[in-house]
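Let's take a friendly walk through a protein model. Have the sequence and the 3D view ready, and follow along one part at a time.

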Amino acid sequence: MNRREMLLTAAAGGAGIALGESAVAAPQHEPDSATEITWSRKVPVRWDMDVAVIGGGMAGVGAAAAAARSGAKVVLIERFAITGGMLTVGGVANFCGEMEGQGEVFDEVVAGLRAFNAIGHEKESVFHYETLAIVLQELLLKRGVKLLLHTRFVDVCEKDGRIQELIVCGKSGPEAVRAKQFIDCTGEADVARAAGFETMKGRRSDGMQLPMSMMYFVRHLAEAAPGPLLPEGWFNPVRKEEDLPMTSVWPDGPGGNAIKIKVPMFDATDTESMTAAEIQGRRRMWEVMDYHQRIEKKPWILDHCSPIIGTREGTRIVGDYILQVDDLRAGRAFDDGIARGTFYLDGHKPDDDKRTYILSEDELKVPPYQIPLRCLIAKDGKNLLMAGRCFSSDQLALSSARVSTTACMMGQAAGINAALAVQNNCDLRSIDPADVRKIVLERGANLVV
């Protein structure tokens with residue numbers, strides 16, 4: 001298909017932002033059918049691949065690298081200039097969860113970081129995020145993965161549950177990617193939503209997602225920073241500790257720290273809400289920085305802020321199985337288990353900005369558990385897999401399994417499954433899950449629960 005009709009919906013309204021406001025509401029709009037337009041154009045099919053991976057975070061890297069190792073011709077589509085997602089672009093320079101037994105892709109990532117002496121200085125899991133970007137880039141290129149950076153996913157050409165092409169857009173303009181198998185690692189289920197496949201979002205009662213976080217970075221001066229940081233009349237300065245949002249101070253190399261603040265009540269799948277979240281996150285950054293400098297007399301100056309707010313939850317794709325929090329609590333094993341989670345239930349309350357959790361403290365810990373291959377296959381699709389934040393799970397299960405180590409492990413399994421389907425010229429469900437699991441184990445994964 002070289003011709004695709006697309007529907008664009010223009011939603012009216014704004015975020016209502018004015019100087020001095022601290023909170024920015026998350027706009028929610030229903031499409032107005034009176035403002036719909038249709039447009040179409042011929043788009044060249046520029047790439048014809050075996051496997052197309054959309055999203056270059058750790059899940060996408062794991063998927064692309066594993067599929068390429070299995071002999072598939074792979075393209076990885078990434079909207080930023082580097083892969084690694086929030087670990088690199090966002091500066092979240094820490095691997096959560098167990099670092100051993102995640103599979104050969106993750107092992108090679110860690111080996112690369114160690115070769116650069118870029119991991120383990122503050123603690124074993126902390127690394128230098130700019131170095132990680134280089135390590136991931138070279139890993140993918142060494143395996144022959146075609147990288148499309150600065151490239152955004154736009155739409156799909158889908159028929160009867162089978163995705164045929166993707167429409168992407170970079171500096172060359174709209175172009176098409178044709179592939180036999182597709183892996184959605186966008187975190188927001190962008191591919192599945194464009195195809196009209198069933199998705200789920202947020203908590204059941206009101207759809208509210210796990211809260212976002214803004215990362216920013218400070219450098220230490222020899223003495224107190226000169227003068228107040230926040231000019232008079234700007235935003236709502238914090239003067240009491242109890243008025244601070246949840247604030248975490250992380251290591252960031254000699255003479256520096258990374259600061260993470262909680263930014264709740266925004267929707268990662270809504271354009272205006274994401275805009276408002278970024279605005280609110282940067283306002284809160286200045287308010288918290290001012291408190292640390294003015295009240296606590298920290299000798300800190302602002303170095304830089306992450307160019308994108310951190311998202312814990314976007315949209316999850318409904319798969320052949322939905323992983324439940326009770327599966328985690330039971331430490332459940334599956335016949336088609338292909339990844340292993342160990343992180344606690346990191347489910348921050350979505351409707352306040354404090355260090356509060358959905359569950360009580362004694363309910364957060366879970367034993368090791370498996371993630372079945374069925375959670376990586378879109379229920380409505382014949383050739384769509386997913387890995388990372390958009391895999392098939394409930395919200396609390398996601399709060400554990402979303403971390404980068406487990407996401408990479410999921411991606412590796414998805415890439416193996418996709419490559420096997422290409423080799424056998426069949427749909428995903430025609431591949432015996434035992435064959436995928438066998439290769440996952442051969443490539444160094446620990447699935448013991």
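## Before we start

Two strands count as paired if DSSP finds at least two bridges between them. Helices (H or I, at least four residues) and strands (E, at least two) are DSSP runs, numbered from the N terminus.

This is a predicted model, where local features need pLDDT of at least 70 and side-chain atom pairs count only at pLDDT 80 or more, while totals for chains, interfaces and linings use all residues. Residues are numbered from 1 along each chain as its sequence is written, and side-chain values use heavy atoms, leaving out hydrogens and water.

Look for an open sheet of four strands, in the order 11-12-10-13, with antiparallel pairing. Its edge strands, each pairing on one side only, are strand 11 (247-251) and strand 13 (300-305). From one strand to the next, the twist averages 35°. Helix 5 (residues 271-294) packs on this sheet and touches strand 10, strand 11, strand 12 and strand 13; here, contact means heavy atoms within 4.5 Å.

Strand 10 (residues 212-220) and strand 12 (residues 256-263) are joined in the antiparallel sense by eight bridges. Along that pairing, Phe217 sits opposite Ala258 and Met215 sits opposite Lys260. Strand 11 also runs antiparallel to strand 12, with five bridges, and Thr247 faces Ile261 there. In the hairpin of strand 11 and strand 12, four residues lie between the strands, and Gly253 takes a positive phi near 80°.

## Is strand 12 buried or exposed?

Eight of the eight residues of strand 12 are buried, so this strand is largely enclosed by the rest of the structure. Buried means under 20% relative accessible area, exposed means over 50%, and partly exposed is in between (1.4 Å probe, protein chains only).

In a regular strand, side chains alternate between the two faces of the sheet. Both faces of strand 12 are covered: Gly256, Ala258, Lys260 and Lys262 are buried on one side, and Asn257, Ile259, Ile261 and Val263 on the other.

## The nonpolar cores

A nonpolar core is a set of buried Ala, Val, Leu, Ile, Met, Phe, Trp, Tyr and Cys residues joined through side-chain atoms within 4.5 Å. The largest one has 109 residues, and Leu166, Leu323 and Phe391 touch the most other members. Helix 8 gives the largest share of this core, twelve residues. A second, separate core has 20 residues, including Met212, Leu244, Met274 and Tyr291.

Key
Axes are lines fitted to C-alpha atoms, for helices over the stretch in contact, and angles run from 0 to 180 degrees between N-to-C directions.
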